[in-house]
Amino acid sequence: MDGKEGESCFGVDQLDNITLGTIVPGSLGLFYGPAGCGKSSMLYHFLFQGARTNDNVCLITNEPPGRLSTHISSFNTHQANWLKDGYISIFNIQDLMGLIGVQIEDVGPEDVDLLFDLIIQVVEHLDAKRLVIDPINPILHLLDIWDKPFFIQRLKGKLQEMGITTFLALDTNLPLEEMDLSTLEPYNFNMIISFRKEEEPPITLNTLKIDRWKGTAHAKNTYVVDVSKEGVFLVPRIKPLEVK
Amino acid sequence: MVKHKVKTIADNILRPGSQALALVTGETYLKSFAEIIERLTKKQGRRGLLISTQWSANALTRRVAMSKLPRNSLKVIDTISLSLGSKITPSEDFVFLSTPVSLEAILMEIERTIRAGGGDYNFLIIDSLTHLKRYYTMGQLSEFFHFLLNRMLEEEFTVLIFDQDEEETSRVFTELSGMIDHTLSLSGGGGK
């Protein structure tokens, strides 16, 4: 229960019920799927839940923090003091690159080590208990194919040691089985959730499926993700529509 | 199955958390439907949701005399007006979904409304099973109701599902009647 008895790990009731709310502190999770299908909103709620229990949490993103703050604040489930009082800290990945003295277009594989150290220093300084990197694509993009799993493994090892529960969001249109395993090494992750966009004219449904949730006998069902200002919630995916 | 008039439906059938399937045929349907909404809103002072798969917003406004109901007492999730091409007048009492709509869209709209209502809503009427049966398969309806009825029980909602079919032994009816607390046959009228 993320180290705190009786508290949910996402603050999204249905997901917490499905996964029995179990995340061991220091776990590493992956959310993957196309952009705009609910990954980020779900991860914001993971951070909200940390802030709700007075933990410091950290979001590393490629969006401008100001714009993202506005987006985050638009959820009724968000409390105004979380950003103001520093429970939620947002960093732009390009700003972090700037701190190590390089522009993103000039970053080489050797700079990724500096970036790695900087991320660790940031979360250590903040005494953060939860970290989200959304998306992880710009960092993976800097690495050659063999260094990617090594980077993830190092990140996992260090954050696990520090007890920081971390989720990475990966923007991709590929299903897990079609991903290049050497790029990701799925066994590095304690939790993996896949997101999809399913066309059901006249609407498009955003769905999720839990591919892996270590330590639970979670449901293998597909769920529809709904994001509104009231928050995020799931309803079961009913068999595709057949008009009689 | 015992025949009821709306006035004679026992209070325990309409208590929070109770779920009932109401069989109501042709000529008595409209009257029973309007009366039950009046009983829940005007007489019991409750707020609730109506899933309308049969009447457009304009038709419903007349059929149920919505203007005479207490303000904000009934939130209608209308799955018919858009497909009929009805003139839509934006109103906080109506949410419009396209038809045929995915059942998930109905579930999501119910969730959103419940959350936005902050606990103010406590009944759900589905009008009607007959129309849902036209669009969806038995398996789809079974999954839909299995989730919905469990969810409504968690929220302590009174659920009333209207079915206008004469045939009370349809598979959907049989399966649903095994999942809910009461099945009743409405004969219409106020029982005067």
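Tutor: One term before we start: helices (H or I, at least four residues) and strands (E, at least two) are DSSP runs, numbered from the N terminus. This is a predicted model, where local features need pLDDT of at least 70, side-chain atom pairs count only at pLDDT 80 or more, and totals for chains, interfaces and linings use all residues. Residues are numbered from 1 along each chain as its sequence is written, chains are lettered from A and ligands numbered from 1 in the order in which they are written, and side-chain values use heavy atoms, with hydrogens and water left out.

Student: Ok. Where does B:Lys43 lie?
Tutor: In helix H1 of chain B, which covers residues 26-43.

Student: Is B:Lys43 buried or exposed?
Tutor: Exposed, at a relative accessible area of 69%. Buried means under 20% relative accessible area, exposed over 50%, and partly exposed in between (1.4 Å probe, protein chains only).

Student: Switching to the strands: in what order do the eight strands of chain B form the sheet?
Tutor: The order is E1-E8-E2-E7-E6-E3-E4-E5, in an open sheet with parallel pairing. Strands E1 (3-4) and E5 (94-96) of chain B are at the edges with a single partner strand each, so one side of each has no neighbour in the sheet. Two strands pair if DSSP finds at least two bridges between them.

Student: How many bridges join E4 to E5 in chain B?
Tutor: Three, between E4 (residues 74-78) and E5, which run parallel. In E5, B:Phe94 stands opposite B:Val76.

Student: New topic: how many salt bridges are there over all chains?
Tutor: The count is 17. A salt bridge here is a side-chain nitrogen of Lys or Arg within 4 Å of a carboxyl oxygen of Asp or Glu.

Student: What does A:Arg237 form a salt bridge with?
Tutor: With B:Glu104, and their closest N and O atoms are 2.6 Å apart. That pair crosses between chains, from the segment after strand E9 (231-236) of chain A to helix H4 (residues 103-117) of chain B. Both A:Arg237 and B:Glu104 are buried.

Student: And which residue does B:Asp163 pair with in a salt bridge?
Tutor: B:Lys133, with the closest N and O atoms 3.5 Å apart. B:Asp163 is in strand E7 (residues 158-163) and B:Lys133 in helix H5 (residues 129-135), both of chain B, so the pair ties together parts 30 residues apart in sequence. B:Asp163 is buried at 0% relative accessible area, and B:Lys133 is buried at 13%.
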